[in-house]
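Below are my notes on what I looked up, in the order I went through it.

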Amino acid sequence: MLVWGGNIYSDAPGNHDNYEEDEDNPLAFYRTHSVQGRITGNQTQRSWWPLGTGKYQIVMIDTVDHSITDWKNDLDLSSIPPVLTPAEIDDDELLEISQWLQADSKLTFVVGHHPYNKILPAARRDEFINLLEQNRVSIYIYGHTHTYSDSSRLEGGTLLLNVDSLWEHNRYAIVAVDNEGVSVTNANANQWPVVLITTPIDKKLGGENPYAYPVPQRPDNPIRALVFDKNNVTKVKFWYKADKLPTWHDIPDDKIRKVRSLNGENSYLWEAEWDTSSLPPGDYIIKVEASSSSGTNEDEITVEIQSGLD
């Protein structure tokens, strides 16, 4: 499921949604009762532009193999466990996805239930991968494996974000967009605060991040972070250090401010001014730490300072 800005919710179909269904009428219960099914008039795929920005596109896709309606009988469990049930995108679904991805979008998020490498047949999987890469899709978000991973990308730069299970492991993911840059974090439900640095962009997200930008040597580089909590946040600290050195340096409190409120009484976007004018070029680690009566939590990213930038 996907929540955007606290206001838009949608749910992509998964393999369990097709169990006990008629193969001639796949995902019937999902089409009738899901949020996406009701919004689209019983469709299993959807594309929309949230918040009326005209800049960001979200595409929810159907990766369910409609022929598998009973995994106990339809699959050879001696060779494949239920968690690895194959995915499928048929020709009509692929055509619909290709038509949507031709839109002029600054950032595109594609969301499906299955990992891309489980999609069958292989030729159609390759077509799907080509669509993601040719249209510079920012992230392919999926679940199914009940594990979290944000450490890999397709060759074209698409981040592969495997979201953990809220039901089984009590975990969820946050994806943030700041100045056309994407940041992600894995969080535990009811564990507060939750911290996510959104600017600058982590150069190591997904391995090597082709969308990360260098930080110039100047006195007022912005560092921004989202801090979510159910209780009042009493302190937010910004730190940095050279990547290979042990010493952390804090940014003075008079350079840190609360920018604006988020959805939630105690949740805010925080910003600090980072003076890098005298720092030598190279990789640096930025850390933001937030404290409240709930506890203390932090987020870290890696950035590169370059000289000679405006």
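My entries start with the ground rules and then go from the whole chain to single residues.

**Ground rules.** I'm working with a predicted model, where local features need pLDDT of at least 70 and side-chain atom pairs pLDDT 80 or more, while totals for chains, interfaces and linings use all residues. I count residues from 1 along each chain as its sequence is written, and side-chain values use heavy atoms, with hydrogens and water left out.

**Whole protein.** I found six helices and 21 strands; these are DSSP runs numbered from the N terminus, helices being H or I with at least four residues and strands E with at least two. Of the 310 residues, 47% are buried (under 20% relative accessible area; exposed is over 50%, partly exposed in between, with a 1.4 Å probe and protein chains only). I also looked at contacts (heavy atoms within 4.5 Å): among those between residues at least 6 apart in sequence, 60% join residues at least 24 apart.

**Aromatic pairs.** I paired rings of Phe, Tyr and Trp (its six-membered ring) if their centres lie within 6.5 Å, calling planes under 30 degrees apart stacked, over 60 edge-to-face and the rest tilted. That rule gives four aromatic pairs. In one, the rings of Phe128 and Tyr140 have centres 5.6 Å apart and planes at 80°, so I filed the pair as edge-to-face. Phe128 is in helix α5 (residues 122–134) and Tyr140 in strand β8 (residues 139–142), so the pair ties together parts 12 residues apart in sequence. Both Phe128 and Tyr140 are buried.

Tyr240 and Trp274 make a tilted pair, because their planes are at 50°, with ring centres 5.4 Å apart. This one links distant parts of the chain, Tyr240 in strand β16 (residues 233–242) and Trp274 in strand β19 (residues 268–274), 34 residues apart. Tyr240 and Trp274 are buried as well. I also noted one aromatic cluster formed by Phe128, Tyr140 and Tyr142.

**Back to helix α5.** Asn130 lies in helix α5 too. Asn130 has 37% relative accessibility, so I put it down as partly exposed. I checked Asn130 against Ser98: they are 32 residues apart in sequence, and their C-alpha atoms are 9.9 Å apart.

**Asn297.** Where does asparagine 297 sit? I found Asn297 in strand β21 (residues 295–306). Its relative accessible area is 26%, so Asn297 is partly exposed. Val194 is 103 residues away along the chain, yet the two C-alpha atoms are separated by 6.6 Å. Beyond its neighbours within four places in sequence, Asn297 is in contact with Pro193, Val194, Val195, Val288, Glu289 and Ala290. A polar atom of the Asn297 side chain lies 3.0 Å from the backbone oxygen of Pro193.

**Ser291.** I placed Ser291 in strand β20 (residues 282–292). Is serine 291 buried or exposed? At 18% relative accessibility, Ser291 counts as buried. Not counting residues up to four places away in sequence, Ser291 touches Val233, Thr234, Lys235 and Thr296. The side chains of Ser291 and Thr296 make a polar contact at 3.1 Å (a pair of N or O atoms within 3.5 Å; within protein, one must be able to donate a hydrogen and the other to accept it, and residues adjacent in sequence count only if both atoms are side-chain atoms).
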